[in-house]
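Here is a protein model to look around in. Take a moment with the sequence and the 3D view, then read on.

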Amino acid sequence: MSADVAGGMGAADGTAAAARWWRPRLLRQKLLAVVLLTTLAALLVAIGCVIAYDLRAYQRGLLSDMRTQAELIGHISAAALAFDDPRLAGENLALLRLRPGIRAGAIYTSAGALFAGYVAPGQAGGFPRRAAADDASFAGGTLTLSRRIVDNGELLGTVYLRADDGLLGRAADYLAIALGAVLLAMLIAYLVMRRLHHVVTEPILAIAAIAGEVVATGDYSRRAPRISDDEVARLVDSFNRMLVEIEARTGALERSNRALAGEAGQRAEAQREVMRLNAGLEQRVHERTGQLERANGELALAMAEASRANQAKTTFLSSMSHELRTPLNAILGFAQILGSDKLPTTAEQKREFAGHILKSGRHLLTLINEVLDLAKIESGTVALSLEPVALADILRECHDMTEPLASARGVRLLFPERCEGSVEADRTRLKQILLNLLSNAIKYNRAGGAVVLDIAAAAGGRLRLAVQDTGHGLAAEQLGRLFQPFNRLGQEGGGEEGSGIGLVVTKRLVELMGGAIGVSSSVGVGSLFWVELRAAAAPALRPVPAPSLPPAPPAAGRATLLYVEDNPANLRLVEEIVRFRPGLRLLAAPDGHLGIEMARAHLPDVILMDLNLPCVGGADALRVLRGDPRTAHIPVIALTANAMPRDVERGLAQGFADYLTKPINLDEFGAAVDRALAAAAGQAGAPREARP
């Protein structure tokens, strides 16, 4: 019996101990917990029902919206399906970029084959091999929908859309709102309880407050008041008697400890003084170390900046030397032919050579003007006359000056019909900026494309002038190198002439006029350049020329000379020089890769090699030829516009038999070729027989 009772009491104690860990320890807290838990349960049930209902309604609305979008795409793409025009269908699908929630879209033919597709930027591609008819499904946060395209009762195809359903984000928003509502309701319940709890807890809390004050202050003279005549009153009497006993014993203990406290205080004061002195010393050492580190960092930054500036200057001078010598090569070379008695020419050839000289001279003049502009801008000596400039007059003159170039290339110019705005700028420089952007947009456009110039208001009281083309566009890494001097972004071997510094000058001029310039581009779509200048009131403007291109044939002879060159004018010049040497036969290659293949196939006696070639550079091509036993013996002469002394030393060290710089000197050219032919004949052990 006693064992059972003891066991029951033990079990009851265990249950009570297990239950006490989550229960509030104070009476006030218990009452507060009951109210708050009841309020929380009611709120959770109500909010859960509201969220579930709204998410269901949102899902239905999204499905209806996507069906409407699919019907719209199907309606505007019916003509593309009827006339089998995937491009038009692709353009219609591209309009989905205006709906950021749509990840991908496609149009299928009536036979179920993929006709056109669209994938939003940054999204994974991939479409079903065949589209289901009038189907919609939600899975993994994605809504997939198919809708048939029917025109006059005839099934033309199917529209397929894949979009982000947004349910997860919406649910997260509702949960955040629900959390706020719950917290607010709990706060209100808490405040109400704080106002009413004293009715139940005031007698007990009075005792607890006195006990807490005694423990906190050590003042045992305090006594708890009798508020009632119940069991709590007897508890107050016992508590006060206990305080009397503790007060007597504590007084004796405090007197004995007071002496020890004085001695400990002296020791603590001495220790604090030592710590203060150590902290001051550490602070001074830290400050001196920081000053030294900052000085070293500033010195390192200054040295790095000086090194970058020196490297930039060297790179700029090397690039400028190459760009200046390239047109000079054609000018001086053809001029030497025209002025030579040893090289008779026909009237037609003279006209052609004069055309090459004129074209290269204009290109050289443009290059020199742009380099001088850039030099003046960088040195801060460029003079600008900022005044209100009427955009209507500027745009009219720019349109008249670029219209012939655009018409010759089949490019449409679209300017605003009316323009009443004015900007604060230097009139001549503003015209130079717009002509540069417009001519680039025309030159690098596609056949049948368009150039659109638009004007709009911008933030900060500015006007934005935007030039948009329909060219091939620029990749992200090309945009990062767009405003570097002499960097033509891979167009060096193209048919369009240019210096690679026009945009650099344009950017500097815009910034000097207190404006900003920017660019955005999409590969395969086109590029948009914009300039922002301060808006002002109004005043007037002058013209600019355009470029052209030439071809080249080969000749025949005994010894074979292979010329690897990507510039048609330079190739034509060497052809004319070789034409007056009947003992030579000239072969030509437009890039390093083809030059290597032709050297292996024809085994020429001498190779002339330009260093700045597309695909494979001249130095790399030389290494490949030297590594091949069939071509290792062939003398290779460098013929390049890289004429800096260190370039010549590097070229000879790389293994070129001779190093000729552009523009070509006919005597030096002939002597170098003769030496190379003699060296080739000597390697063969005897004069070479005529080649077939």
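What follows is a short tour of the cores, the helix packing and a few individual residues.

## Before you start

This is a predicted model, where local features need pLDDT of at least 70 and side-chain atom pairs count only at pLDDT 80 or more, while totals for chains, interfaces and linings use all residues. Residues are numbered from 1 along each chain as its sequence is written, and side-chain values use heavy atoms, leaving out hydrogens and water.

Let's begin with the largest nonpolar core, which has 38 residues. A nonpolar core here is a set of buried Ala, Val, Leu, Ile, Met, Phe, Trp, Tyr and Cys residues joined through side-chain atoms within 4.5 Å. Buried means under 20% relative accessible area, exposed means over 50%, and partly exposed is in between (1.4 Å probe, protein chains only). Leu 430 and Val 451 have the most contacts inside this core. Among the elements giving it two or more residues are helix 8 (391-408), helix 9 (427-443), strand 9 (450-458), helix 11 (502-512) and strand 12 (526-534). Helices (H or I, at least four residues) and strands (E, at least two) are DSSP runs, numbered from the N terminus. Helix 9 supplies the largest share of the core, with 8 residues.

What does Val 451 touch? Setting aside residues up to four places away in sequence, its partners include Leu 413, Leu 414, Leu 438, Ala 441, Ile 442 and Val 467; contact means heavy atoms within 4.5 Å. There is also a second, separate core of 28 residues, and Ala 559, Leu 561, Leu 584 and Leu 608 are among them.

## Helix 9 and its partners

Helix 9 packs against helix 8 at an angle of about 35°, with the axes 10 Å apart. Axes are lines fitted to C-alpha atoms, for helices over the stretch in contact, and angles run from 0 to 180 degrees between N-to-C directions. The crossing of helix 8 and helix 9 is right-handed. A crossing is called right-handed if the near helix is turned clockwise from the far one by less than a right angle, and left-handed if anticlockwise. On the helix 8 side, the contact includes Leu 395, Cys 398, Met 401 and Leu 405, and on the helix 9 side it includes Leu 430, Leu 434, Leu 438 and Ile 442.

Now turn to helix 11. Helix 9 and helix 11 pack at about 145°, with axes 10 Å apart, and their crossing is left-handed. Helix 9 brings residues including Arg 429, Ile 433 and Leu 437, while helix 11 brings residues including Leu 503, Thr 506 and Val 510.

Ser 527 sits in strand 12 and counts as buried because its relative accessibility is 5%. Its side chain makes a polar contact of 2.8 Å with the side chain of Ser 521. A polar contact is a pair of N or O atoms within 3.5 Å; within protein, one must be able to donate a hydrogen and the other to accept it, and residues adjacent in sequence count only if both atoms are side-chain atoms. Beyond its neighbours within four places in sequence, Ser 527 is also in contact with Val 467, Gly 473 and Leu 474, among others.

How about the cysteines? Cys 398 counts as buried because its relative accessibility is 0%, and Cys 419 is buried too, at 16%. The disulfide count is 0, where a disulfide is a pair of cysteine sulfur atoms within 2.5 Å.

## Val 574

Is Val 574 buried or exposed? Val 574 is buried because its relative accessible area is 0%. This valine lies in helix 12 (residues 568-579). Residues up to four places away aside, Val 574 touches Tyr 563, Leu 586, Leu 608, Leu 639, Ile 664 and Phe 669.

Most residues other than glycine have a negative phi, and most peptide bonds are trans. Asp 84, in the loop between helix 2 (27-82) and helix 3 (86-94), has a positive phi near 55°. Asp 84 counts as exposed because its relative accessibility is 58%.

Leu 603 has a positive phi as well, about 45°, and lies in the loop between helix 13 (592-602) and strand 15 (606-609). Finally, the peptide bond from Lys 662 to Pro 663 is cis, with omega near 5°.
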